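Student: I have a model open and would like to learn how to read it. Can we go feature by feature?

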Amino acid sequence: MPLQKLSALIDAICNFVICNDSSLRSQPIIFNPDFFVEKLRHEKPEVFTELVVSNITRLIDLPGAELAQLMGEEDPKLPGTNSTAAGFFRSLMSLKRKEKGVVFGSPLTEEGIAQVSQLIEYLHKNLRAEGLFRVPGNSIRQQILKDALNSGTDIDLDSGEFHSNDVATLLKMFLGELPEPLLTHKHFHAHLKIADLTLFDEKGNKTSTPDKERQIEALQLLFLILPAPNRSLLKLLLDLLYQTAKKQDKNKMSAHNLALMFAPHILWPRNVTANDLQENITKLNNGVTFMIKHSQKLFKAPVYIRECARLHYLGSRAHTSKDDLDLLTSSGSKELQPLKSQKRSRLDSCHQEETQQRTEEALKELFRHVHNMPDSAKKKKLIRQFNKHPTALTPGSDVPTSPAPRRTRSRSFSGLIKRKVLGTPVILERKSRDTTPEPVRVSKENVQLLQKCGSPAHMSQAKLKSLEGQKEESCRRMRARLLSKDSSSL
């Protein structure tokens, strides 16, 4: 089956579901546009990471050390990590985490997310509580709830035993006790650079106005290379905070207020103080505010990443813009290049034939229209323009083809002798198809030798060899004379 038909078949299967149950036919069909992105991420993580990181570095400037930290090739260098007190504090906190249960204080896992999602689901039903996430809950109830989550038991939060402030405070506690922030340490410097993305004025100078489109695109790419558990929980959390900010007229918690509550837990490096971060605190808090406000856009892969992943698996040539094609080229993925090179020549030739055919049909239709116009000065002017341009074809005319120029065959002295002796032309092999050998000039000495030979019909093979020897000897003498002239001139 041709590749194009196979691609069309796969597209049809992905976009439509054939269902024999009439009761389900009216239900909307949901197709994940990031299907091939997720497939590429799980099956070929190295290719996927290279593709995403190459586009991140196109948007933000990451020096070698920061890029190596983002790729996980070097340990992150964070503020306040050089002090002895900070190191002691981190080691003490790590010892405390070892005493924690399977959820709180342990690395993030899907099982832990399943437990914490109960808290998030409950808070979605209670977003109107004033001061949500700011007002602390009851410490005794929080400890009971924490032990239940660590033990893995089912909790009935709707029983009325716990208050929404208890659940909100416990959610912040869970995020704060993770070994590293939810957005990970190695992404810390990238988030600082994203906060600095601003618009340019007409003269090309940076302004203080944030470039929201580039910030959203950079965050989309950065979230794609988060660990799967971190990305899943981050999506649940930002959606909760987005819905909470929408109810700020009731709970008095705006997106900025929520960012102040959660930035230390999801973005600040662990075990650092406000003095360590200094001027970066404002950037980090504003960055979390931006994530909350635009959370509904941040977990969709950019269009060019989708097309690149689709191209990787289907090999279909999608209609992308020039910028998207430049991005695909700059990604440098070695896995994606063979697919493009294999189909380029065939698709380009087909495209050129279709374009030429459409152009000819359009020109013929235009000529018919002009020909049917009533006689006027405008009609005569248009006909003159058709006559001036040879590409404008009249109906029924064919494309003029110019005869191919004949190549002059090179003639050498030995070739002339062989043609005279054998009476048949000798076909000389060309060394290459693209280069035309230069014609060899017959010198006066060679003409004299040819005249001395007499009738070529009575010439023997021995005499032919002697003439060849004489020719070579004359060539040697000519080279010697030229060399002597060059040496004398020097």
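Student: How many residues does helix H7 have, and what span is expected at 1.5 Å a residue?

Tutor: Start with the terms. Helices (H or I, at least four residues) and strands (E, at least two) are DSSP runs, numbered from the N terminus. The expected span of a helix is 1.5 Å times one less than its number of residues. H7 covers residues 139-151, which is 13 residues. From first C-alpha to last, H7 reaches 18 Å, close to the 18 Å expected. Keep in mind that this is a predicted model: local features need pLDDT of at least 70, side-chain atom pairs count only at pLDDT 80 or more, and totals for chains, interfaces and linings use all residues. Residues are numbered from 1 along each chain as its sequence is written, and side-chain values use heavy atoms, with hydrogens and water left out.

Student: Which residues of H7 are buried?

Tutor: Buried means under 20% relative accessible area, exposed over 50%, partly exposed in between (1.4 Å probe, protein chains only). In H7, the buried residues are Gln 142, Leu 145, Lys 146, Ala 148, Leu 149 and Asn 150. They pack against helix H6 (110-124) and helix H8 (164-176). Packing here rests on contact, meaning heavy atoms within 4.5 Å.

Student: What caps the N-terminal end of H7?

Tutor: Look for a polar contact. That is a pair of N or O atoms within 3.5 Å; within protein, one must be able to donate a hydrogen and the other to accept it, and residues adjacent in sequence count only if both atoms are side-chain atoms. Asn 138 is the cap: a side-chain oxygen lies 3.0 Å from the backbone nitrogen of Ile 140. After H7 comes Gly 152, with a positive phi near 85 degrees.

Student: In which sense do strands E1 and E2 pair?

Tutor: Two strands pair if DSSP finds at least two bridges between them. E1 (residues 198-200) and E2 (residues 206-210) pair in the antiparallel sense, over two bridges. Thr 198 stands opposite Pro 210 in E2. Five residues separate the two strands of this hairpin, and Gly 204 in the turn has a positive phi of about 85 degrees.

Student: Is helix H15 largely enclosed or open, and why?

Tutor: Count its buried residues. In H15, 10 of the 14 residues are buried, so the helix is largely enclosed by the rest of the structure. Among them are Asn 280, Ile 281, Gly 287, Phe 290 and Met 291. The cover includes helix H9 (188-195), helix H10 (212-224), H11, helix H13 (255-266) and helix H14 (274-277). The length of H15 (residues 280-293) agrees with expectation too: it should span 20 Å, and its end C-alpha atoms are 20 Å apart.

Student: Is Arg 231 buried or exposed?

Tutor: Arg 231 is buried, at a relative accessible area of 14%. It sits in helix H11 (residues 228-246). Its side chain reaches the backbone oxygen of Phe 223 at 3.0 Å. Beyond four places in sequence, the contacts of Arg 231 include Glu 38, Arg 41 and Phe 299.

Student: And where is Glu 38?

Tutor: Glu 38 belongs to helix H2 (residues 35-43). It counts as partly exposed, at 22% relative accessibility. Its side chain makes a polar contact of 3.0 Å with that of Arg 41. Glu 38 and Arg 306 are 268 residues apart in sequence, yet 9.5 Å apart in space, C-alpha to C-alpha.

Student: Which residues touch the most other members of the largest nonpolar core?

Tutor: The general idea is that in soluble globular proteins, nonpolar side chains tend to be buried together. A nonpolar core is a set of buried Ala, Val, Leu, Ile, Met, Phe, Trp, Tyr and Cys residues joined through side-chain atoms within 4.5 Å. Here the largest core has 88 residues, and those touching the most other members are Ile 56, Leu 123, Phe 133, Phe 174, Leu 175, Leu 182 and Phe 223. Not counting residues up to four places away in sequence, Leu 182 touches residues including Leu 108, Asn 230, Leu 237 and His 265.

Student: Which phi values belong to Lys 252 and Asn 271?

Tutor: Lys 252 is not a glycine, but has a positive phi of about 60 degrees. Asn 271, also not a glycine, has a positive phi of about 60 degrees. Lys 252 lies in the loop between helix H12 (248-251) and H13 and is partly exposed at 45%. Asn 271 lies in the loop between H13 and H14 and is buried at 17%.
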